[in-house]
Amino acid sequence: MCAMAGKPTGDVYRFQDSKGQWRTHRRPSHHQDGFRSGGPGISYERQGDDLILQMGPQHPSTHGVLRLEIVTDGELVKHITPHLGYLHRCFEKHAEAMTYPQVIPYADRMDYLSAMNQELAYVLAVEKLMGLKEFPERLEYIRVLMAELQRIASHLLAIGTYGLDVGAMTPFFWCVRDREKILDLFEWVSGARLLYNYLWIGGVAHDLPAGYTDKVMEFVTYFEPRVQELNDLLSSNKIFIERAASIGVLTAEDAISYGIGGPNLRGSGVKWDLRKEEPYGIYDRFDFDVPVGTGEFGVLGSAWDRYIVRVREMLESLKIIRQVVDQMPGSDPNEAMPRRIRPAKGEAYLRTESPRGELGFYLVSDGTEKPYRCKARSPCFTAISALNAMNHGGMLIADAVAVIGSLDIVLGEIDR
Amino acid sequence: MTPEAIHDALQQYFGEAITAFDADAIDPTVTVEASAIHDVGAYLRSEPDMLFDSLMCLSGVDYGEAQNSLGVVYHLHSTALRHTITLRVEAPRQDGVVPTVCDIWRTAEWHEREAFDLFGMRFDRHPDHRRILLPDDWEGHPLLKDYQVQEFYQGIPVPYEGDPPEIGMDVYRFQDREDLA
């Protein structure tokens, strides 16, 4: 956390002296040779003297196996080229050899930190392809309950590891402790802690066990005060704010053009949530807010804005879960489950709001039991592609780590 | 705007470059001549009553040897006007070329790299035309329907030898069960 000594703004260099006073220092002229500054976001160009740094594929802060080829000039990052594919498991090729229900466990393994949301997106896409619309009420409520619990679990890990990335150890332990309680709930209902194969096409693997919603409410009442604790510990921590609130700024226009969705887009101040904009399932019945970044401690669209959107979203998810538990009807969720999945010839694209953004599935059916083409449109894939758009000239090598952490990427979903 | 109105506007503006329109599909799809896709994209992006600022998804599809064509499917959405349209172009399976749209929607840059990597169509004027998921020296494009995996990759045998392990997956083979047929 003490690596914040310098804040380069163009050729004038700001630094803190030994008494903590901010002072400015003009770079010596021989350092400026070959630099070109342009506008408020300064861009540098320089021939020669570049150091190319390879970060990864085995690196703790790349959140998986990702290799970044960083062109550096001293401490400054000039350009980042991400190299993907270290976790490529041919999801789309496998899907073409499987029947529609058999793809669900593979979809789980794409983003192993929010497997319920991956299943939900895939299952909804198949249902759209088959033209299924009417489902038992209880099934719809179970789906929302699972998706929102998973969103909290996923955000908890995102927040915890982000703290870890910038040097705050304790929040990670607290977050993992609370996430464990959600995983216990999932284990109870599906038998698995991470990869569930629970949401099926037109149904679920098992109905909720007796007393499940009581345990969910127990968790909700336990967890709500913990968010405030987390805020006190990390969100409003001065060191953390100074570290994160001015780096990795992503403008709203760039975010939309790069196809970024979810908390990363809302951190840039765009009020866009697919649960509100294109309500799938029964999301239009619930009352919840869409938190957006406001740039309250720094620049709008900074890493801190993306972080705080996730924290506030957890509270909104809790709101939804309360309503779900209140309204949960009692019936058989698997009444309408089709026994034979053979969609007619056609194609469909469906997108949902996963914890990481806009997760879409594009399915083409040729009238058989296996998908002719199954394309997963991954939110992390687009998020990592915008890495260079977040570098306005002053990104330090240590900032690159903090920016990647704020994007909340999962390599299993990028490489598929 | 409705998909029909969007198609009519495109038809009026581009004439013969718009080859087909499927209004009854689940997602109404306009088929565009491959050479015109960049112009169509620029028009849809900037025209005041279109404003398609978001490319939701760009997918490659292999329509098989019988049809001898590869497809690229663009799912577009306008965050300002809240309407959606799907575009499709087709290119020949061998040496197919499609103009890039990544100067219109930045997200297309990586999605086009992915489509090239897995299907092998070229994207004309793409700034960084490399493979993205597979290694640079991989042979062939795996999502083609007639893809044959290479024998060796850097001295390592690639194809899987022997029968797949028995894991009881045949429970799910509905086509073998007459009571469900």
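Student: What makes the crossing in which H4(A) passes H5(A) left-handed?

Tutor: Good place to start, and keep in mind that this is a predicted model. H4(A) crosses H5(A) in the left-handed sense. The term applies because the near helix is turned anticlockwise from the far one by less than a right angle.

Student: Which residues of H4(A) and H5(A) make that contact?

Tutor: On H4(A) they are Met116(A), Asn117(A) and Leu120(A), and on H5(A) they are Arg143(A), Met146(A), Ala147(A), Gln150(A) and Arg151(A). Sorted by class, this contact holds four nonpolar, two polar and two charged residues.

Student: At what angle do H4(A) and H5(A) pack, and why is H4(A) called oblique to H5(A)?

Tutor: Helix H4, residues 115-130 of chain A, packs against H5(A) at about 140°, and the axes are 8 Å apart. Roughly antiparallel would need an angle over 145 degrees, and roughly perpendicular covers 65 to 115.

Student: How do you know how H5(A) and H6(A) run relative to each other, parallel or antiparallel?

Tutor: Use the angle again. Helix H5 (residues 137-165) and helix H6 (residues 170-190) of chain A pack at about 160°, with axes 8 Å apart. That value is over 145 degrees, so H5(A) and H6(A) count as roughly antiparallel. Their crossing is left-handed.

Student: What classes of residue make up the contact of H5(A) with H6(A)?

Tutor: Here are some of the partners. H5(A) contributes residues including Leu149(A), Ile152(A), Leu156(A) and Gly160(A), while those from H6(A) include Phe172(A), Val176(A), Asp178(A) and Arg179(A). By class, the residues of this contact are 14 nonpolar, three polar and two charged. Gly160(A) is in the contact, and glycine counts as polar in this scheme.

Student: Why is H5(A) described as largely enclosed by the rest of the structure?

Tutor: A residue is buried if 20 or more other C-beta atoms lie within 10 Å of its own. In H5(A), 24 of the 29 residues are buried, so the helix is largely enclosed by the rest of the structure.

Student: How do you know whether the span of H5(A) is close to the expected one?

Tutor: Compare two lengths. The expected span is 1.5 Å times one less than the number of residues. For the 29 residues of H5(A) this comes to 42 Å, and the helix reaches 42 Å from its first C-alpha to its last. Just after H5(A), Gly167(A) has a positive phi of about 100°.

Student: What share of each chain counts as buried?

Tutor: In chain A, 46% of the 416 residues do. In chain B, it is 36% of 181 residues. Chain A contains 15 helices and 11 strands, while chain B has four helices and nine strands. Along the sequence, chain B reads α-β-β-α-β-α-β-β-β-α-β-β-β.

Student: How many residues bring chain B into contact with chain A, and which element supplies the largest share on the side of chain B?

Tutor: Residues are in contact if their C-beta atoms lie within 7 Å. Counted that way, 27 residues of chain B contact 34 residues of chain A. On chain B, S3 (54-62), S4 (69-77) and helix H4 (108-119) each supply at least two residues of that side. The largest share, six residues, comes from S3(B). By class, the side of chain B that touches chain A has 17 nonpolar, six polar and four charged residues.

Technical notes. Residues numbered from 1 in each chain as written. Chains lettered and ligands numbered in written order. Predicted model: local features only at pLDDT ≥ 70, side-chain atom pairs only at ≥ 80, totals over all residues. Buried ≥ 20, exposed ≤ 12 C-beta atoms within 10 Å, placed from the backbone. Axes fitted to C-alpha atoms, helices over the stretch in contact; angles between N-to-C directions. Parallel < 35°, antiparallel > 145°, perpendicular 65-115°, else oblique. Contact = placed C-beta atoms within 7 Å.
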